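Me: Please take a close look at one part of this model, the charged side chains. Then place that part in the wider fold.

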Amino acid sequence: MHDNYPSFPGFENVSLEDSYVLDIAVHPGVLTLELDLLLLPGHPRYGIPLTGERACFRPATIVFSSVRDLHWTGQGVIKPAIDAGGSTDFGSVDSLARLDANYKIVGDWGEINLQSDAPSLSIHPAPTA
């Protein structure tokens with residue numbers, strides 16, 4: 001069975017393709033992606049874009065726990081982008097899909113294939129303008 005991320009619990013009404021990957025961390029048993037996540041209308045945390053933003057972005061974290069196997073190819077291919085304010089990002093998540101107990105995440109920063117529990121998405125409080 002092949003499922004794309006919008007069908008994952010907690011991933012409804014978000015756009016990973018239009019979000020920014022701020023950091024990727026791999027530790028024994030855990031993969032974490034820190035994001036500036038684009039929330040779509042219909043998401044319970046959706047709000048008016050903050051001053052200077054083109055859409056409703058919120059800091060968020062995707063966590064894959066109980067990682068049993070992980071392969072990351074294409075690391076180091078891209079350098080982080082630096083915006084006018086000095087913030088860096090590694091592009092977006094082009095795709096996140098599940099095939100049985102395996103997950104595949106693809107972006108400018110490479111491709112990660114892993115076996116783990118289902119990912120969780122945690123959206124942090126909005127920063128104050």
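Reply: Aspartate 117 is partly exposed, with a relative accessible area of 36%. Here buried means under 20% relative accessible area, exposed over 50%, and partly exposed in between (1.4 Å probe, protein chains only). The model is predicted: local features need pLDDT of at least 70, side-chain atom pairs count only at pLDDT 80 or more, and totals for chains, interfaces and linings use all residues. Numbering runs from 1 along each chain as its sequence is written, and side-chain values use heavy atoms, without hydrogens or water.

Aspartate 117 meets arginine 68 in a salt bridge, at 3.6 Å from N to O. The term requires a side-chain nitrogen of Lys or Arg within 4 Å of a carboxyl oxygen of Asp or Glu. This pair links distant parts of the chain, 49 residues apart. Arginine 68 sits in the loop between β4 and β5 (69–73), aspartate 117 in the loop between β10 and β11. Strands are DSSP runs of E, at least two residues, numbered from the N terminus; helices are runs of H or I, at least four. Arginine 68 is also partly exposed, at 49%.

The count comes to 2 salt bridges. Lysine 104 and glutamate 111 form one of them, with their closest N and O atoms 3.9 Å apart. Lysine 104 is partly exposed at 38%, and glutamate 111 at 25%.

Glutamate 111 also touches isoleucine 105. Contact means heavy atoms within 4.5 Å. Other partners of isoleucine 105 include Leu31, Phe64, Val93 and Leu96. Isoleucine 105 is among the residues with the most contacts inside the largest nonpolar core, which has 26 residues. Such a core joins buried Ala, Val, Leu, Ile, Met, Phe, Trp, Tyr and Cys residues through side-chain atoms within 4.5 Å. The largest share, 5 residues, comes from β3.

Aspartate 89, in strand β7 (residues 88–89), is buried yet has no salt bridge. Its nearest side chain of opposite charge, arginine 54, is 9.4 Å away; Lys and Arg count as positive, Asp and Glu as negative, with His and the chain ends not counted. A polar atom of the aspartate 89 side chain lies 2.8 Å from the backbone nitrogen of glycine 91. Leaving aside neighbours within four places, aspartate 89 contacts Tyr20, Val21, Leu22, Pro80 and Ala81.

Now the wider fold. The protein has 0 helices and 11 strands. Buried residues make up 36% of its 129 residues.

Conventions. Polar contact = N/O pair within 3.5 Å; in protein donor to acceptor, adjacent residues only side chain to side chain.
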